[in-house]
Amino acid sequence: MAVAVIFGSVLAAVERWDAYLGIEYVLSNILGMQSPLTAIIPETATGKILNVLMSVWALLCATTALGIAAGMCLVQYVSAMVPDSIFGFLRYLLLYIPVVLMLIACVTGGFLAIFEEWTFEQGFLYMVSSVAGLANPIVNLEVTTAEGAFVECLCICIELGLGGAIIGVVCSHPIVGRFILYFEGEAVAIEDESKFDESEKNANIADTESVKNANTATT
C-alpha cells in the first residue's frame with residue numbers, strides 16, 4: 001500500500017490527476033486486479049515512461065515481500081511439519097495447500113458477494129479466478145462498490161503473503177534440495193575440487209618453507 005501511495009502520487013502529479021486516481025491505478029497494477037480500480041491510463045510520454053519504471057519497481061517490491069514472507073518463523077515452523085518423504089511432500093503440495101486456498105476463496109468470496117450483492121457462487125468463482133490468476137475469468141463480473149474493492153485488495157494481499165509462504169515451504173523441503181543437487185552436482189564437485197587444490201597448494205608452500213628453514217638452520 002505504501003508503494004502504491006508513493007508511486008501513485010508521483011504519477012498523478014505528472015499526469016495532472018487527482019492523487020487518489022494515481023494511487024488506485026498503481027495499486028491495481030501491483031495486485032493484478034481483475035477489475036481495476038480506475039480506467040484511466042497515462043497519456044503523456046513522460047507519464048508512460050514513468051509508468052514503465054514504476055511497474056518494474058513495484059514488481060520488485062512485490063517479489064521482495066514474497067521473499068520476506070517465505071523467511072518468516074511461522075513459515076519455517078510449517079515447513080518443519082512437512083514429511084521428508086516425497087509422498088508426504090506431494091500430499092501437502094497437491095492436497096492440503098489447494099484446500100487452504102479454496103477455503104480462503106470461500107471466505108473472501110462470501111464477503112465480496114455480500115458487498116456486491118452477488119450470489120455466493122459468483123463471489124467464490126470470482127475469487128478463485130483471482131487466486132489462480134486466470135486470463136479468462138470464470139465469471140464475467142466486475143467489482144463496483146468501494147467496500148467490494150477494499151475486500152478484493154485485502155484478499156489479494158493475503159494471497160500474495162500466502163504465496164510467499166508456499167515458496168518458503170517448497171524451497172526448504174529436502175526433496176527440493178535433492179532435486180537441485182541432482183542438477184548442480186557438477187558445480188558442487190568443481191567447487192570442492194578447487195578447495196582441495198587450494199589446500200594442497202598451501203601444504204606444498206608450507207613444506208617448501210620448512211625445508212628452507214631447515215637448510216638455514218644447518219648452515
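These legends go with close-up views of a predicted model.

**View 1. Helix H1, residues 2–15.** Helices here are DSSP runs (H or I, at least four residues), numbered from the N terminus. H1 has 14 residues and reaches 20 Å from first C-alpha to last, close to the 20 Å expected (1.5 Å times one less than the number of residues). Its buried residues (under 20% relative accessible area, 1.4 Å probe, protein chains only) are Ala4, Phe7, Gly8, Leu11, Ala12 and Glu15. Looking down the helix axis, these fall within an arc of 140°, so they line one face of H1 (the arc is taken from the directions from axis to C-beta atoms). Over on the other side, Ala2, Ile6 and Ala13 are exposed, meaning over 50%.

**View 2. Helix H2, residues 19–31.** Buried in H2 are Leu21, Gly22, Ile23, Tyr25, Val26, Leu27, Ser28 and Leu31. Glycine 32 follows the helix, and its phi is positive, near 60°.

**View 3. A nonpolar surface patch of about 570 Å².** Ile49, Val52, Leu53, Val56, Trp57 and Leu60 make it up. Areas come from the Shrake-Rupley method with a 1.4 Å probe, counting only the protein chains shown as cover for residues. Valine 56 sits in helix H3 (residues 45–70) and is partly exposed at 44% relative accessible area, that is, between the two cut-offs.

Residues are numbered from 1 along each chain as its sequence is written. Local features need pLDDT of at least 70, side-chain atom pairs count only at pLDDT 80 or more, totals for chains, interfaces and linings use all residues, and side-chain values use heavy atoms, leaving out hydrogens and water.

Conventions:
Helix = DSSP H or I, 4+ residues; strand = E, 2+ residues; numbered from the N terminus. Patch = residues over 30% accessible without salt bridge, like charges linked within 9 Å, V, L, I, M, F, W, Y side chains within 5 Å. Salt bridge = Lys/Arg side-chain N within 4 Å of Asp/Glu carboxyl O.
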